[in-house]
Each structure stands twice: as C-alpha cells, then as structure tokens.
Amino acid sequence: MVADEALRGDAGTCIREQFTQQEQWSSLPLIVLTRRLAQASFEALDDDDLYGHVRLIERPVNRTLFVNAVKMALRERRQQYRIRDLLDERAEHVAQRDEFLATLGHELRNPLAAIMTCGEVLESLQLDAPRPRGA
C-alpha cells in the first residue's frame with residue numbers, strides 16, 4: 001500500500017525495481033492511496049503489467065472500501081501462494097518421474113545386456129554340439 005506520491009521520483013523507481021524482481025508466479029497486489037482519481041495517479045501507474053493488481057483508493061479513505069480492498073488483496077496473494085506451491089509440487093513430481101524412468105531404464109538394460117551377450121555367444125557356436133543345446 002502506497003500513496004500515489006510515492007510512485008514518482010526516486011521512491012517510485014525503487015518500488016518499480018522491487019516489482020520487476022518478483023517471481024513469475026507472483027503479482028503483488030498494490031493499493032494506491034490518491035488525493036483524487038486524477039490523471040496524475042493514472043500516469044504514475046503507466047506500466048500496468050509491471051505493477052499487476054492495482055487498486056486506486058481516493059483519499060480521504062472510505063473505511064469500508066479500504067478494508068474490502070485489503071481483504072481482496074490478501075485473498076489474491078493467498079491464491080498466488082497456492083499457485084506457487086502447486087508449481088513446486090509439480091516440479092517435484094516431474095523430478096520423481098524422471099528418476100523413476102532413469103532407474104527403470106537402468107534395471108531393464110542390465111538383464112537385457114546379459115541376454116543379448118548370451119545370444120551373440122550362442123550364434124557363434126555350433127548348435128549341434130551338446131553344450132549350446134543345453135544353454
């Protein structure tokens with residue numbers, strides 16, 4: 001939550017830098033308190049994609065409107081955390097799957113290598129002899 005004046009000048013540059021460093025899953029909700037819904041407030045937020053979820057609230061602040069805006073921002077943030085957790089869980093499952101497939105491939109190659117070698121040896125021997133017949 002910031003005042004619209006904070007989005008201009010050096011402070012605004014610092015805030016924009018922090019927003020650009022967010023994780024891909026993150027879209028930090030921003031509540032901007034403005035003196036009035038004037039053109040200056042909209043110009044300070046000219047890069048809408050950078051800020052993500054922006055709500056402008058006119059000062060003096062209506063308490064009900066402010067509380068609802070904060071509740072909505074918190075709900076959105078909790079949802080983003082759920083998305084982050086699901087993405088992490090998916091990445092973990094993919095890693096487990098890859099490990100399982102690598103292990104399975106290894107376990108299948110070992111017996112098959114022995115069978116293939118035995119087959120090559122049998123092909124090189126005469127099949128009429130008693131030992132190859134038994135093998």
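Me: Where is the place of Pro-60?

Reply: Pro-60 sits in the loop between E3 and H4. One thing to keep in mind from the start is that this is a predicted model.

Me: What kind of peptide bond joins Arg-59 and Pro-60?

Reply: Start with the general idea: most peptide bonds are trans. Here, Arg-59 and Pro-60 are joined by a cis peptide bond, with omega at about -5 degrees.

Me: Let me step back to the overall layout. How many helices and strands does the protein have?

Reply: The secondary structure comes to five helices and three strands. Helix H4, which covers residues 63–124, will come up several times, and Arg-78 is one of its residues.

Me: What share of the residues counts as buried?

Reply: The protein has 135 residues, and 20% of them count as buried. A residue is called buried when its relative accessible area is under 20%, and exposed when that value is over 50%. Asp-4, with 3%, is buried, whereas Arg-36, with 55%, is exposed.

Me: Where is Arg-36 found?

Reply: Look in the loop between strand E2 (30–34) and helix H2 (39–44). Arg-36 and Leu-56 are 20 residues apart along the chain, and their C-alpha atoms are separated by 9.2 Å.

Me: Now for salt bridges. How many does the structure hold?

Reply: The structure holds six salt bridges. To read one, look for a side-chain nitrogen of Lys or Arg within 4 Å of a carboxyl oxygen of Asp or Glu. Asp-4 and Arg-59 make such a pair, at 3.4 Å from N to O. Asp-4 belongs to the loop between strand E1 (2–3) and helix H1 (9–20), and Arg-59 to the loop between strand E3 (54–58) and H4, so this bridge ties together parts that are 55 residues apart in sequence.

Me: Which residues are linked with Glu-5 in a network of salt bridges?

Reply: The network links Glu-5 with Asp-4, Arg-35 and Arg-59.

Me: What is the partner of Arg-55 in a salt bridge?

Reply: Arg-55 pairs with Glu-76, and their closest N and O atoms are 2.7 Å apart. Since Arg-55 is in strand E3 and Glu-76 is in helix H4, the pair ties together parts that are 21 residues apart in sequence. Arg-55 counts as partly exposed at 23% relative accessibility, while Glu-76 counts as buried at 17%.

Me: Which residues gather in a patch of positive charge on the surface?

Reply: Lys-71, Arg-75, Arg-78 and Arg-82 gather there. Arg-78 lies in helix H4 and is partly exposed, with a relative accessible area of 44%.

Me: Which residues make the nonpolar surface patch?

Reply: The patch is made by Phe-100, Leu-101, Leu-104, Leu-108, Leu-112, Ile-115 and Met-116, and covers about 730 Å². You can find Phe-100 in helix H4. Phe-100 is exposed, with a relative accessible area of 53%.

Me: Last topic: aromatic rings. How is a pair of them described?

Reply: Two values describe a pair of aromatic rings: the distance of the centres and the angle of the planes. In this structure the count comes to one aromatic pair. The rings belong to Trp-25 and Tyr-81, and because their centres are 5.7 Å apart with planes at 55 degrees, the pair is tilted.

Me: Where do Trp-25 and Tyr-81 lie?

Reply: Trp-25 is in the loop between H1 and E2, and Tyr-81 is in helix H4, so the pair ties together parts that are 56 residues apart in sequence. Tyr-81 counts as partly exposed, at 33% relative accessibility.

Methods
Residues numbered from 1 in each chain as written. Predicted model: local features only at pLDDT ≥ 70, side-chain atom pairs only at ≥ 80, totals over all residues. Heavy atoms only, no water. Patch = residues over 30% accessible without salt bridge, like charges linked within 9 Å, V, L, I, M, F, W, Y side chains within 5 Å. Areas by Shrake-Rupley, 256 points an atom, 1.4 Å probe, with all protein chains shown as cover. Lys, Arg positive; Asp, Glu negative; His and termini not counted. Charge placed at Lys NZ, Arg CZ, Asp CG, Glu CD. Helix = DSSP H or I, 4+ residues; strand = E, 2+ residues; numbered from the N terminus. Buried < 20%, exposed > 50% of the residue type's maximum accessible area, 1.4 Å probe, protein only. Phe/Tyr/Trp six-rings, centres within 6.5 Å; stacked < 30°, edge-to-face > 60°.
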